[in-house]
Amino acid sequence: MNVSLFPQLILGALLWVAVPQQTFMLHGQEVNPDDSQSEPKIYLNLAMTTMGGKQFWTDMVHLHGYRIQRNSQTGHCRLLDPSDARLAWGNMAGCELELKRFAAERNLQPVDGRVVIVLHGLSRTRTAMQPISDYIGNEGLQVINMSYASGRGGVEEHAAALDSVIRHLPEVDEIDFVGHSMGNIIVRYYLGKYDHDRGFRRMVMLGPPNHGSALAVWLKRNLIFVAATGNSGQQMSAKFEELSAELATPDFEFAIIAGATGVDGGISNPVIPGDNDLVVGVEETRLAGATDFMSGNYWHSTMMNDATVQKSTVNFLKYGYLQSAEQLNPIPSKIESSSDNNREK
């Protein structure tokens, strides 16, 4: 776990206890968590860069670097510009109205064509995915680096936020996904729960716990883990069997990149069966039907910064393979039985 996150985790634990998760209050009035159709409300604002607290905010709308976020504890929303300065705050309807006004003033056109949506993992923020997002963008693809309050609420809330981001991209006709760790589980939950009329093209899964996480199970009663990861952490550990029934396998091309730090005498986590990236096992990442699969000496928390991982991710998004067409390594959607093999022979 990143040591720099420790003070934020302690603060999060205190807020988790002090603020009931289903109670949303703003200026003494209850706020509907889905109030986009409500009367717009905007409060007095001093435009200035935010002071952090990223673990408590979830992106609901993206437009060329402008974002509407919802606070996981209070339910109110804010509008940020590309430099993370708060331009407005209030309810969802009010922030959407303000975003339209800013878009008109600055001639911001709707996002259209093809876009790559990037999602970070548990206890991380979009900052962790900025290097790979920049790399993808520099390769000529439009990128949305989405942030969500991963330790507040559950996978279903995070998937609903993803749905909101996608619904606010009406001109986009093709969508790719790049997920790290639990970010992949959110996409899979979204695919299984929401009707979608977009053309989903390709997805790259980085270190995905597609079959749960032995490490999360081992930590499930650890007080710091529980405080820092909330319901999402429990869903990835004690409740994964229940969650897994809601997860869809993408019906479009997807690839998996796994970390295997135990190769060549390297360090491996003994809590996790088999080779692993210190957090997720190689076998935990595998998902039947994958178009391509590769593993390498990548640590879970930093694999998105690795040059090979970044290049392979863009390769797959553009060409449908991680390394080359000759090195394509698919995972069969159905394992043939020995009798089937004998009949074919």
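**Exercise 1. Where in the chain does P209 lie, between which two elements? Then work out what surrounds P209.**

Solution. A quick reminder before starting: this is a predicted model.

Step 1: find the element. P209 sits in the loop that runs between β10 (199-206) and α6 (214-219).

Step 2: The relative accessibility of P209 is 3%. Buried means under 20%, so P209 counts as buried.

Step 3: list the neighbours. Leaving out residues within four places in sequence, P209 is in contact with S181, M182, I185, M236, F240, V280 and E284.

Step 4: pick one of them and compare sequence with space. P209 and M182 are 27 residues apart in sequence, yet their C-alpha atoms are 6.8 Å apart.

**Exercise 2. Is H158 buried or exposed, and which residues does H158 touch?**

Solution. H158 belongs to helix α4, residues 155-167.

Step 1: look at the accessibility. H158 comes out at 2%, and with buried meaning under 20%, H158 is therefore buried.

Step 2: collect the contacts. Not counting residues up to four places away, H158 touches M146, Y148, A149, S150, R152, G153, M182, I186 and S232.

**Exercise 3. Work out how helices α4 and α5 are arranged, and which residues make their contact.**

Solution. Step 1: get the geometry. Helix α5 covers residues 182-193, and α4 packs with α5 at an angle of about 70°, the axes being 9 Å apart.

Step 1: name the arrangement. Angles of 65 to 115 degrees count as roughly perpendicular, so that is the label for α4 and α5.

Step 2: read off the contact. From α4 come V155, E156, H158, A159, L162, D163 and I166, and from α5 come M182, I185, I186, V187, Y189 and Y190.

Step 3: sort them by class. The α4 and α5 contact has ten nonpolar residues, one polar and two charged.

**Exercise 4. How many aromatic pairs does the structure hold? Compare the pair F177 and F252 with the pair Y319 and Y321.**

Solution. Step 1: the count is seven aromatic pairs.

Step 1: take F177 and F252. Their ring centres are 6.5 Å apart with 35° between the planes, and this pair is tilted. The pair links distant parts of the chain, 75 residues apart: F177 is in strand β9 (residues 172-180), while F252 is in the loop between α8 (240-244) and β11 (253-259). Both F177 and F252 are buried.

Step 2: take Y319 and Y321. This pair is stacked, at 5.8 Å centre to centre and 25° between the planes. Y319 has a relative accessible area of 49%, so Y319 is partly exposed. Y321, at 22%, also counts as partly exposed.

Step 3: look for a cluster. Ring pairs join F177, F252, Y190, Y194 and F200 into one.

**Exercise 5. Which arginine lies over the face of W57, and which lies over the face of F102?**

Solution. Step 1: over W57 you'll find R78, 3.7 Å from the ring centre.

Step 1: over F102 it's R101, at 4.9 Å from the ring centre.

**Exercise 6. Step back and describe the whole chain: what does it contain, and what share counts as buried?**

Solution. Step 1: the chain has eleven helices and twelve strands.

Step 1: 51% of its 345 residues count as buried.

Step 2: consider contacts between residues at least 6 apart in sequence. Of these, 72% join residues at least 24 apart.

How values were computed. Residues are numbered from 1 along each chain as its sequence is written. This is a predicted model: local features need pLDDT of at least 70, side-chain atom pairs count only at pLDDT 80 or more; totals for chains, interfaces and linings use all residues. Side-chain values use heavy atoms; hydrogens and water are left out. Rings of Phe, Tyr and Trp (its six-membered ring) pair if their centres lie within 6.5 Å; planes under 30 degrees apart count as stacked, over 60 as edge-to-face and the rest as tilted. Helices (H or I, at least four residues) and strands (E, at least two) are DSSP runs, numbered from the N terminus. Buried means under 20% relative accessible area, exposed over 50%, partly exposed in between (1.4 Å probe, protein chains only). A charge sits over a ring if NZ of Lys or CZ of Arg is within 6 Å of the ring centre and within 35 degrees of the ring normal. Contact means heavy atoms within 4.5 Å. Axes are lines fitted to C-alpha atoms, for helices over the stretch in contact, and angles run from 0 to 180 degrees between N-to-C directions. Angles under 35 degrees count as roughly parallel, over 145 as roughly antiparallel, 65 to 115 as roughly perpendicular and the rest as oblique. Ala, Val, Leu, Ile, Met, Phe, Trp, Tyr, Cys and Pro count as nonpolar, Asp, Glu, Lys and Arg as charged, and the others, Gly among them, as polar.
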